[in-house]
Amino acid sequence: LLGDSTQLLRFYRVSEKRSSPDDVSFVFVAKDKAAVFQQVNMRFEHGFLQELGLDNNLGQHSQFRFLSAKLNEAVAPSVFRFTPPKGVDVISHDLP
């Protein structure tokens, strides 16, 4: 979720909190104040991601909860087609 897992500890301080044997949370705090994500919170229940919180370097917080998740289901390619509404600015970053 955060990119190259082999480099994770190089860029983030990581702490773990267990509220039960089946409920574990991880907090990733950026070592660099200029990092895009200053803090990332992940909570897993029974080994599955339940919540994801992101704090970016602009002070914005995004919280995602994964409810009724289904694993490894077939997804039609049409689900990934997006046509932005008229008048919306689209910012694109083409990867090399």
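The legends below describe an overall view and several close-up views of one predicted protein model.

Residues are numbered from 1 along each chain as its sequence is written. Because the model is predicted, local features need pLDDT of at least 70 and side-chain atom pairs count only at pLDDT 80 or more, while totals for chains, interfaces and linings use all residues; side-chain values use heavy atoms, with hydrogens and water left out.

View 1. Read from the N terminus, the elements run α-β-β-β-β-β. Helices (H or I, at least four residues) and strands (E, at least two) are DSSP runs, numbered from the N terminus. The radius of gyration of the protein chain is 17 Å, well over the 12 Å that the globule rule gives for 96 residues, so the chain is more spread out than a compact globule. That radius is taken over C-alpha atoms, and the globule rule is 2.2 Å times the number of residues to the power 0.38. The C-alpha trace spans about 45 × 35 × 25 Å along its principal axes. Of the 96 residues, 17% are buried (buried means under 20% relative accessible area, exposed over 50%, partly exposed in between, with a 1.4 Å probe and protein chains only). Among contacts between residues at least 6 apart in sequence, 7% join residues at least 24 apart; a contact means heavy atoms within 4.5 Å.

**View 2. The largest pocket and its lining.** Its volume is about 180 Å³. The residues that line this pocket are Phe-48, Leu-49, Gln-50, Phe-66, Leu-67, Ser-68, Ala-69 and Leu-71. By class, the lining has 6 nonpolar, 2 polar and no charged residues. Ala, Val, Leu, Ile, Met, Phe, Trp, Tyr, Cys and Pro count as nonpolar, Asp, Glu, Lys and Arg as charged, and the others, Gly among them, as polar. On a 1 Å grid over the protein atoms alone, a pocket is an open set of points with protein on both sides within 12 Å along at least five of seven lines, and lining residues have an atom within 4 Å of a point. Grid points are joined across faces, edges and corners, and the volume is the space filled by probe spheres set on the points.

**View 3. Ser-68 of the pocket lining.** Ser-68 is in the segment after β5 and is exposed, with a relative accessible area of 70%. Ser-68 and Gln-50 are 18 residues apart in sequence, and their C-alpha atoms are 9.7 Å apart in space.

**View 4. Val-40 and Asn-41 in strand β3.** Val-40 is buried, at 0% relative accessible area, whereas Asn-41 is partly exposed, at 23%. Asn-41 touches Phe-26, Val-27, Glu-51, Leu-52 and Gly-53, not counting residues up to four places away in sequence. From Asn-41 to Glu-51 the separation is 10 residues in sequence and 7.8 Å in space, C-alpha to C-alpha. Val-40 and Ala-69 are 29 residues apart in sequence and 20 Å apart in space, again C-alpha to C-alpha.

**View 5. His-46 and Asn-72, each with a positive phi.** His-46 is not a glycine, yet its phi is about 55 degrees. His-46 is found in the loop between β3 (37-45) and β4 (48-56), and at 52% relative accessibility it counts as exposed. Asn-72 lies in the segment after β5 (61-65). Phi of Asn-72 is near 60 degrees, and Asn-72 is exposed, with a relative accessible area of 82%.

Note on methods. 1 Å grid on protein atoms, 1.4 Å probe; cavity = no way out; pocket = protein on both sides within 12 Å on 5 of 7 lines; lining within 4 Å.
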